[in-house]
Amino acid sequence: TAYYSLLGAVFCFALMALGYYISEPLLLFLAKGKLDGAALERTTAYFRWHLAGVLLFCASHPLSTYLGARASLKRLVFAVYLPWAGLAILIYGLAARTSPMLAAQSNVPVYALLCLLLLLMSVRDGKGSNVKRSNSGE
């Protein structure tokens, strides 16, 4: 499981590097001359922050899927998803009131928090190994 999580993270970071490299030419092509230099620069910055957040979210899927199959779904919801959703609402709400760019940038800490909560649950429960624990004594 750790191998697949690591492989997924490496793949996501490779995609992020590719996205950063081609973002400006791609957006320039898609805009078809409708954006001036400043607007293209802002759009590229938004795109890059959104890309980083979405790829962090994608990097969380292998561990999320594994924990969903191996752990109690009720515990997963209460230990990971509800705290994450509450903090995400708070972070996005504050960021959106401040500026659109900060709202785009907040994707990274929000999805990094999800990855961290999933990793903490995995480590805390010993679910990172491929050995199935018995339920005796619980």
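Helices here are DSSP runs of H or I with at least four residues, numbered from the N terminus. The structure is a predicted model, in which local features need pLDDT of at least 70 and side-chain atom pairs count only at pLDDT 80 or more, while totals for chains, interfaces and linings use all residues. Residues are numbered from 1 along each chain as its sequence is written, and side-chain values use heavy atoms, with hydrogens and water left out.

With a relative accessibility of 3%, Thr44 is classed as buried (under 20% relative accessible area, calculated with a 1.4 Å probe on protein chains only). Apart from residues up to four places away in sequence, Thr44 touches Ser23, Glu24 and Leu27, contact being heavy atoms within 4.5 Å.

Next comes a pair of helices. Helix 4 (residues 73–98) packs against helix 6 (residues 107–125) at an angle of about 160°, and their axes are 10 Å apart. The axes are lines fitted to C-alpha atoms over the stretch in contact, and angles between N-to-C directions run from 0 to 180 degrees. The two helices are therefore roughly antiparallel, a label given to angles over 145 degrees. Among the residues that make this contact are Trp84, Leu87 and Ile91 of helix 4, together with Leu114, Leu117 and Met121 of helix 6. By class, the contact of helix 4 with helix 6 comprises 16 nonpolar, one polar and three charged residues. In this scheme Ala, Val, Leu, Ile, Met, Phe, Trp, Tyr, Cys and Pro are nonpolar, Asp, Glu, Lys and Arg are charged, and the others, Gly among them, are polar.

Ser106 is buried, at 5% relative accessible area. Beyond its neighbours within four places in sequence, Ser106 is in contact with Ile91, Tyr92 and Ala95.

The nonpolar cores complete the picture. Such a core is a set of buried Ala, Val, Leu, Ile, Met, Phe, Trp, Tyr and Cys residues joined through side-chain atoms within 4.5 Å. The largest has 15 residues, of which Leu67, Leu76, Val80, Trp84, Leu118 and Met121 touch the most other members. Helix 3 (61–70), helix 4 and helix 6 each give two or more residues to this core, and helix 6 gives the most, with seven. Setting aside neighbours within four places in sequence, Met121 is in contact with Leu67, Ala71, Arg75, Leu76, Ala79 and Val80. A second, separate core of six residues includes Cys12, Leu51, Ala52 and Ala59.

Methods: Parallel < 35°, antiparallel > 145°, perpendicular 65-115°, else oblique. Buried < 20%, exposed > 50% of the residue type's maximum accessible area, 1.4 Å probe, protein only.
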